Amino acid sequence: MHWHALGVSGAYAFTPDVYPDQRGLFVSPFQADGFTRATGRRMFRPTLTGHSRNRRGVIRGVHFTTTPPGMATYVSCARGSALDFVVDLRVGSPTFGRWDSVVLDAEKFHSVYLPVGLGHAFQALEDDTVVSYLLSGGYVPEHERAVSVFDPELGLPLREDIPPVLSPRDSSALSLAETRERGLLPDYATCLRLDAELGGGPATESGDGEGDHHD
């Protein structure tokens, strides 16, 4: 398992070893030991797993959860490919308003970890793209929020050559500034506290964040 820290505080990308043979392949997108070595803490105990199947051009996000209760997420791609975005929506964070991106696909099987308070979005690059989630909490509709993926303040580099397909909620999502003005964004200190409780340890980063590491 290889990993590196992303440009958003607390977020990581993971790349597992892939074992192909004449039957196909085997891969483990999540590995507890690798996660702990990267972050210095235990992975949250998943409360919910989820899969979304997406046609080419589907954009989901930027989604986040009201904090508290907050939600930590571990995302991978089981089929197809997606341009995945991690966005820091935590007011008071040293990387507030910043984003980083990883291409998730069914060849290299990258995964992304988002601690409590981060926003998540992706753009499906192929038909039948399946994105898989490990989630620290259950789905409660009234806790789910969205910031516009098209907000120029964020400047997410979506693929302009692929016609976008969005839900009504995502199409009408507020900008980052409007969401902040309404007091809907997570507080950084609260996110760190809740994230530490989920992981059973400090919410600070123990990985050095430089280059790849492996076990």
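In the predicted model described here, V86 touches L6, V8, A11, R98, W99, D100, V112, L114, L118 and G119, leaving out residues up to four places away in sequence, where a contact means heavy atoms within 4.5 Å. V86 is also one of the 18 residues of the largest nonpolar core, in which L6, V86 and V112 touch the most other members. A nonpolar core is here a set of buried Ala, Val, Leu, Ile, Met, Phe, Trp, Tyr and Cys residues joined through side-chain atoms within 4.5 Å, and buried means under 20% relative accessible area, with exposed over 50% and partly exposed in between, for a 1.4 Å probe and protein chains only. At least two residues of this core come from each of β7 (73-79), β8 (81-88), β9 (99-105), β10 (111-114), β11 (118-124) and β12 (129-135), and β12 gives the most, with three residues. A second, separate core of 17 residues includes V149, L154, L158 and L185.

This is a predicted model, in which local features need pLDDT of at least 70 and side-chain atom pairs count only at pLDDT 80 or more, whereas totals for chains, interfaces and linings use all residues. Residues are numbered from 1 along each chain as its sequence is written, and side-chain values use heavy atoms, with hydrogens and water left out.

The protein holds four helices and 13 strands, these being DSSP runs numbered from the N terminus, with helices (H or I) of at least four residues and strands (E) of at least two. The radius of gyration is 16 Å, close to the 17 Å that the globule rule gives for 215 residues, so the protein is as compact as a globular protein of that length; this radius is taken over C-alpha atoms, and the rule is 2.2 Å times the number of residues to the power 0.38. Along the principal axes, the C-alpha atoms fill a box of roughly 55 × 40 × 30 Å. Of the 215 residues, 49% count as buried, and among contacts between residues at least 6 apart in sequence, 81% join residues at least 24 apart.

Several loop positions were examined individually. P16 is placed in the loop between β2 (12-15) and β3 (18-21) and, at 5% relative accessibility, counts as buried. Apart from its neighbours within four places in sequence, P16 is in contact with M1, V27, S28, P29, Q31, K108 and F109.

One joins G61 and V62, with omega of about 5°, and V62 is found in strand β6 (residues 59-65). The other runs from T67 to P68, with omega near -5°, and P68 lies in the loop between β6 and β7.
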